[in-house]
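Reader: I would like to learn how to read contacts, cores and ring pairs. Where do we begin?

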Amino acid sequence: MMKKHYLLYAAILSVVQFFILFGTEDVARAQNNALPFVAMVFNPAEAGTAGVSISEFGASCSSPTFPVMNEKTGNVATGWMSITSGDHRTSYFSAYAGMKIKEKFGVSITSVYGLCEPYEAFNSGGYSLGTFRPHQMIAGAGFSYRPVKFLSAGIRLKYAGEKLSDDANYGAFVSDIAITSEVPLKNGISIRASVGVYSLGTKIKASDGSSYSLPTSAKAEICYLQEFASVHRIQAAGSAEMFFSRQFAASAGLSYTWNSMLTVRCGYHYGGKTVVPSYVSAGIGVKFFGVSLDAAYIFGSEILRNSLGLSLGYAF
């Protein structure tokens with residue numbers, strides 16, 4: 001059995017290497033990405049560990065493989081994230097529902113709606129046209145399949161759009177593809193690993209004819225879990241992400257759960273020159289009778305300073 005696990009991880013590493021090489025051959029090497037918000041984290045539980053999504057198999061907007069790997073049959077959640085970008089703040093409202101079917105299949109639906117700060121618009125003559133409030137949206141559905149107990153594969157198809165003004169409306173169909181594995185070891189220890197390609201889609205054409213690529217990336221994650229006396233649980237996770245525009249990002253997160261009721265989280269994200277800047281995060285979660293309340297705070301960044309998120313979920 002262990003030999004099969006080693007072969008699995010060797011295959012995962014090969015997939016990661018392939019996607020990284022494929023990404024670094026992107027001749028466009030776009031300096032600016034269209035629809036950059038598709039690369040952001042909207043789940044406060046994940047934001048608390050700096051976006052390392054594999055730490056949480058619950059109501060995740062990140063990987064399409066998680067519903068079938070979740071120990072619960074289903075999850076529903078709604079959330080709010082107030083994200084600062086420079087001097088501007090955007091409020092994101094999200095909703096998620098995922099369900100496992102006969103231990104082999106998983107389905108999920110996701111929606112995100114973002115409201116940016118309003119601005120005053122002017123015509124070519126300098127006359128005011130009133131105020132306009134840009135908005136963003138994501139809506140999609142995912143499907144996952146679990147051929148064996150320790151492995152799942154999934155895909156999510158979604159539409160992402162952004163309206164910057166009355167005559168500037170952009171959108172694209174986007175897909176996420178991932179493989180996730182969880183292998184239980186001895187003494188309450190488990191190892192999770194995941195690889196995938198995220199935000200894969202067509203280019204966006206601006207009104208002047210210029211083309212901009214989506215923030216497509218190849219991402220690998222790994223997580224170490226250990227339970228002590230069925231009361232204490234520690235998770236240490238990390239991720240490495242290579243964008244097809246030859247930009248690199250990485251995250252590390254740590255969480256501690258007491259009695260399956262109280263969770264504290266922290267993390268650091270290195271963004272470099274990617275669409276998501278570097279930041280430090282902290283979070284807390286409370287779960288009782290299947291109802292969960294999670295909060296996250298992002299700081300330590302000149303761009304993403306004082307960002308906050310809250311979510312309410314139910315697992316059954």
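Author: Start with contact: it means heavy atoms within 4.5 Å. Keep in mind that this is a predicted model.

Reader: Which residues does A160 touch, leaving out those up to four places away in sequence?

Author: A160 touches L35, F37, V38, M137, I138, Y170, G171, A172 and V174.

Reader: How do I read a nonpolar core?

Author: In soluble globular proteins, nonpolar side chains tend to be buried together. Here the largest nonpolar core has 23 residues. A160 is among those with the most contacts inside it, along with L35, F37, Y92 and I138. Strands β1 (74–85), β8 (168–184) and β17 (291–299) each supply at least two residues of this core. Another core lies apart from it, with six residues, including I54, F66, C223 and L225.

Reader: And aromatic pairs?

Author: Two values describe a pair of aromatic rings: the distance of the centres and the angle of the planes. The whole structure holds eight aromatic pairs. Take F288 and F289: their ring centres are 4.4 Å apart. Their planes stand at 75°, over the 60 degrees needed, so the pair is edge-to-face.

Reader: Is F289 buried or exposed?

Author: F289 is exposed, at 72% relative accessible area. F288 is partly exposed, at 49%.

Reader: Which residues do ring pairs link into a cluster?

Author: F105, F143 and Y145.

Reader: Where is K104?

Author: K104 sits in the loop between β2 (88–101) and β3 (105–115). K104 is partly exposed, with a relative accessible area of 34%. Beyond four places in sequence, K104 touches V68, S144, Y145, R146, P147 and V148. K104 and S144 are 40 residues apart along the chain, yet their C-alpha atoms are separated by 8.2 Å.

Technical notes:
Residues numbered from 1 in each chain as written. Predicted model: local features only at pLDDT ≥ 70, side-chain atom pairs only at ≥ 80, totals over all residues. Heavy atoms only, no water. Core = buried A, V, L, I, M, F, W, Y, C linked by side-chain atoms within 4.5 Å. Buried < 20%, exposed > 50% of the residue type's maximum accessible area, 1.4 Å probe, protein only. Helix = DSSP H or I, 4+ residues; strand = E, 2+ residues; numbered from the N terminus. Phe/Tyr/Trp six-rings, centres within 6.5 Å; stacked < 30°, edge-to-face > 60°.
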